[in-house]
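Work through the exercises below with the sequence and the model side by side, and try each task before you read its solution.

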Amino acid sequence: MSGRDHDTSEHGPAARVKALEQLLVEKGLVEPARLDAIVDTYESKVGPRNGARVVARAWTDAAFRKRLLTDAVAACAELGIAGPEGGHLVAIENTKRIHNLVVCTLCSCYPWPVLGLPPVWYKSFAYRSRAVRDPRGVLREFGVELAADVEIRVWDSSAEQRYIVLPERPAGTEKMNEEQLAELVTRDSMIGVAKITAPGNSR
Ligand code: FE
């Protein structure tokens with residue numbers, strides 16, 4: 001398996017980054033804890049907030065939603081979102097009958113401009129192999145139980161094509177504005193391993 005997995009190869013980019021990180025730590029130029037904090041920020045905060053803005057706009061602006069589903073790169077650019085690893089972005093929409101799940105079976109291709117850095121589990125062999133073989137089981141482990149009549153579509157990312165899931169807007173959010181809606185949108189929902197729920201009992 002490791003032959004296909006260029007990210008963990010001895011001479012691949014991941015190995016070079018690790019070597020560089022080690023050197024910087026040894027030279028006292030960076031603290032490991034500080035580095036972890038930066039990675040965490042880009043993994044779960046800064047990065048996915050861009051995607052959340054895109055989703056909230058699509059929920060509140062039908063014309064934008066249409067443009068997003070037709071040409072995600074151009075639609076994101078309207079919101080000032082662009083950058084490396086984002087040039088081939090495709091948005092896929094969840095509906096009552098279709099649930100989309102994103103994976104990169106080969107390594108860890110991920111849409112950086114809208115989602116930031118990929119979480120560790122996304123890069124794991126277990127997720128990469130099982131997402132295709134048993135998507136329903138994987139979703140169950142993430143706490144998403146889908147009705148039997150919901151079709152699951154699995155999208156395999158590559159350097160040429162990366163995906164963002166447009167999750168369903170939850171019921172009970174009719175009165176929320178775009179900014180409030182963006183707060184509800186989680187990273188995992190845009191990978192397709194979570195659903196979004198409205199804040200408790202809001203009506
Ligand atoms: Fe990849």
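**Exercise 1.** Find the helix that holds Arg 187, and decide whether the residue is buried or exposed.

*Solution.* Arg 187 belongs to helix 10, which covers residues 187-191, where a helix is a DSSP run of H or I with at least four residues, numbered from the N terminus. This is a predicted model, in which local features need pLDDT of at least 70 and side-chain atom pairs pLDDT 80 or more, while totals for chains, interfaces and linings use all residues. Residues are numbered from 1 along each chain as its sequence is written, and side-chain values use heavy atoms, with hydrogens and water left out. Next, Arg 187 has a relative accessible area of 17%, so it counts as buried (under 20%, with over 50% exposed and partly exposed in between; 1.4 Å probe, protein chains only).

**Exercise 2.** Identify what Arg 187 touches beyond residues up to four places away in sequence.

*Solution.* With contact taken as heavy atoms within 4.5 Å, the partners of Arg 187 are Glu 43, Ser 44, Pro 48, Tyr 110, Pro 119 and Trp 121.

**Exercise 3.** Which protein atoms are the donors of the iron ion, and which of their residues are buried?

*Solution.* Donors are N, O and S atoms within 2.8 Å of the metal (3.2 Å for Na, K and Ca), and sites may look incomplete because water is not among the atoms. Here the SG atoms of Cys 104, Cys 107 and Cys 109 and the N atoms of Ser 108 and Cys 109 lie 2.2 to 2.8 Å from the iron ion, and along the chain the donors follow the spacing C-x2-C-S-C.

Conventions. Helices (H or I, at least four residues) and strands (E, at least two) are DSSP runs, numbered from the N terminus.
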